[in-house]
Amino acid sequence: MSTENEGTAVPPAPSAPPVPVDAPAPSAPDASRGSAPTAPLPPVPPSAPGAQEQELVHAGQAPAYASAGGQDPQAGSQGSAPDAAWPPPPPATPSYADDGSGGAGSGWGSTYQQPAPKSGRGGLVAAILVAALVAGGLGGGLGYTLAKNNDNSTGSTTVSASDSGGSLKRDPGTVANVAAKSLPSTVTIQAESTSGEGGTGTGFVFDTQGHIVTNNHVVADALDGGKLSATFPNGKKYDAEVVGHAQGYDVAVIKLKNPPSDLKPLTLGNSDKVAVGDSTIAIGAPFGLSNTVTTGIISAKDRPVASSDGTGSNASYMSALQTDASINPGNSGGPLLDASGNVIGINSAIQSNSSGGLGGTSQAGSIGLGFAIPINQAKYVAQQLIKTGKPVYAKIGASVSLEDSTSGAKITEQGASGSDAVEAGGPAAKAGLKPGDVITKLDDHVIDSGPTLIGEIWTHKPGDEVTITYQRDGKTHTVQLTLGSRSGDS
């Protein structure tokens, strides 16, 4: 695979009706006053202002990824205008508005007809209501007095709501807990060439001496006299220099100048023990947005990836950890963590629908296919770079075709620059391999192409013994060989 870098209840009725009380005959109404009209309810306002939605305006172009020349699309959201049909028509009269005559009620906003006064039991009912109100008043007064006396006492029974907002403790294993512990040990790297061109990437603290591990393509612009700096989440910025870089592995080590004394290296995990479905946490500076945390899972292992930084230089090969954590340009070189906060990989490449990537010349976005260099491999490479300044690669001593294939890695008839395809006295020659042989497996890993074979070999160290399965003249053969070594990128 080729990728690019980057209500109150009604009381019961009495069992027997109360004895009627004689009430005086109602006096005739004063004709001089006339009949008082009922007061109509206020009509619905003819119009009401709609709540105008706030416009969402994009704040401008996203921060530029220095090695990316394209511009990010801008997006905006226009608020909707109030509905021209306001006010809405009156709703249909609800069932409880029925006038009792079998017809429909008068509807919202109609006048209220005062019921005619009733005689007979009405006086008793009124008396009962008055008594109830008096009792209620006494109860309320008594309650007020008791409450006031209680307030004047030293022991209040009032319970106040907590204003603490709940516990803010992040349990171990949560993303927030892992991020809080890991972010202080990550840096945003800015590299600038002598011509002023540059890029932004990420790195993480490797040791207390100030060594930072990142990708080769992150620091490439700063080689040969360029400028390099690393900024921590607390805002402290340090100048840095390249200690060593490995183009084939896409790993580099830089060192802070005058590093702080309180550096805390991230704990390295074991990428060989990672399983598909394990949780992942990625930290980086996508499109220049430093200290960004994203999450996902390991979606595949041992994914053969040949990545390029878009400059036309040699590709990098890896047997990568695949993750669906959101990774974008600027995440390059940042740590891929497990649920416990251990580094299991270095984010290095993304698959994209458009040109560009983590180290490409235009800004491509994440589609959920990110690739990380397994930390077991990156740790070995980083240690070699710190020790000697140069990478050391494992090799079999044979040239293989880099063309797309599904049948295996074919040993070419001739090597680079006219050299022999099988190195005389090398591991492949000692094992009896010849030009035209097609390697189909390395140990238990299926080999479908030359890049896949290279990536698989580079997960090993020089001196490791491996089993090679190959085909010759239609027959399958198996042989053991001990990997040799090559120093440097040349």
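Predicted model: local features only at pLDDT ≥ 70, side-chain atom pairs only at ≥ 80, totals over all residues.
Local features need pLDDT of at least 70, side-chain atom pairs count only at pLDDT 80 or more, and totals for chains, interfaces and linings use all residues. Residues are numbered from 1 along each chain as its sequence is written, and side-chain values use heavy atoms, without hydrogens or water.

The largest nonpolar core holds 55 residues. Such a core is a set of buried Ala, Val, Leu, Ile, Met, Phe, Trp, Tyr and Cys residues joined through side-chain atoms within 4.5 Å. Buried means under 20% relative accessible area, with a 1.4 Å probe and protein chains only. Ile439, Leu453, Ile457, Ile468 and Leu481 have the most contacts inside this core. Its largest share, six residues, comes from helix α4 (residues 375-388). Helices are DSSP runs of H or I, at least four residues; strands are runs of E, at least two; both are numbered from the N terminus. Beyond neighbours within four places in sequence, Leu453 is in contact (heavy atoms within 4.5 Å) with Ile396, Val400, Ala409, Ile439, Leu442 and Ile447. A second, separate core has 17 residues, among them Leu228, Phe232, Ala240 and Leu256.

Strand β3 (residues 198-205) has eight of eight residues buried, so the rest of the structure largely encloses it. Strands pair if DSSP finds at least two bridges between them. Seven bridges join β3 to antiparallel β2 (residues 186-192). Here Val187 stands opposite Gly203. The β2-β3 hairpin has five residues between its strands, and Gly196 takes a positive phi near 100°.

Two bridges join β3 to β4 (residues 211-214), also antiparallel. Phe204 stands opposite Val213 in β4. Five residues separate these strands in their hairpin, where Gly210 in the turn has a positive phi of about 105°.

Note on methods. Buried < 20%, exposed > 50% of the residue type's maximum accessible area, 1.4 Å probe, protein only.
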